[in-house]
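Please look at the sequence and the structure before reading on.

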Amino acid sequence: MKTALFIFLTYTLIQNNVYGSTTLGDSNDNTSIYLWGTNSVSSNIKDKSIKLTYLNSESDDKYSWGLALKGKAADGSSLLFEGSEATPETTVSIPIGKHWIFSTNPKVGEPGIISDDWLFFEAKYKSGEHQLFDKTLAFDKQLYKEKLNSKILSLSYNAIIDGVFLTGVSIEYGKENNYEDLSKISVKTTTTIGSEGNDIRISESSIDAREGKYVEFNQRKINMDFMYVPGMLRNRIGFDLFARHTSSSFKGSNTNYGIGIFVLDEKGPTRILAGVTYMHDDEENENLIGLVAGYNF
């Protein structure tokens, strides 16, 4: 059932160009909630990426660590590597988590108002290259590639309060770029490959690139989530209010707010089956609607 739902929603996202992700996040795949003990497969239609997350826990479930891989689209497909080269953007991250920060392990005591909580530190490394075009350069240098090497650190805290509220706050700092903000273009090159009389034979090739001034900059992110899971709905529906704040010397400061509705697995609020999110992006002055399909294992 979960597999069929995941495939159906992913197909819907692709056919209708609706932004989406498969984890508890907004249409940009940003969230402050790092689901404890949940391995997942994620796809984001907005940036055409696929993410694999695996978490391993100690036998006493006190500590957790794992590995996450995310690959962005290369020529219309989303891979982690293309031959021996990384795709336009490959992200490798290592999360390390600590369980029961302010809560009590139910095996050793009665839970308080904070029935469960955990802390995650994550180190990310982005690698790859972007295809750029600058018409002001010499003809043979107008198309060029910019290497990407970025290190990002993040810290997130999540808590389940009174059994019905799932909250989260995260802080992230690292190098970003404005590649997604540049204009998409297709650079076509026509070459004469032969002629006979008045007939001329040509070949044409095209390369997708971005045009504009490419800039790398350090950026800070703060994400906050507050999800309510009412018991009257059998703990199967979650209502999430969230805020996303970014600041940098290049783009300045920007804060967006949104709301999400999620269908939860019967095992609890840390397993997401499906949902929808809405957020207004003040910087781009656009409304972002995200469909969410969850596949956890």
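The structure holds six aromatic pairs, where rings of Phe, Tyr and Trp (its six-membered ring) pair if their centres lie within 6.5 Å, and where planes under 30 degrees apart count as stacked, over 60 as edge-to-face and the rest as tilted. This is a predicted model, in which local features need pLDDT of at least 70 and side-chain atom pairs count only at pLDDT 80 or more, while totals for chains, interfaces and linings use all residues. Residues are numbered from 1 along each chain as its sequence is written, and side-chain values use heavy atoms, with hydrogens and water left out.

**Trp-36 and Phe-120**
- The ring centres of Trp-36 and Phe-120 are 5.5 Å apart and their planes stand at 50°, so this pair is tilted.
- Both Trp-36 and Phe-120 are buried, a term for under 20% relative accessible area, with exposed meaning over 50% and partly exposed in between (1.4 Å probe, protein chains only).
- Ring pairs link Trp-36 and Phe-120 with Tyr-34 into a cluster.

**Phe-102 and Tyr-157**
- Phe-102 and Tyr-157 form an edge-to-face pair, with 5.9 Å from centre to centre and 75° between the planes.
- Phe-102 is exposed, and its relative accessible area is 62%.

**Charges over rings**
- The charged end of Lys-98 sits over the ring of Tyr-63, 5.7 Å from the ring centre, which requires NZ of Lys or CZ of Arg to be within 6 Å of the ring centre and within 35 degrees of the ring normal.
- The charged end of Arg-210 sits over the ring of Tyr-179, 4.7 Å from its centre.
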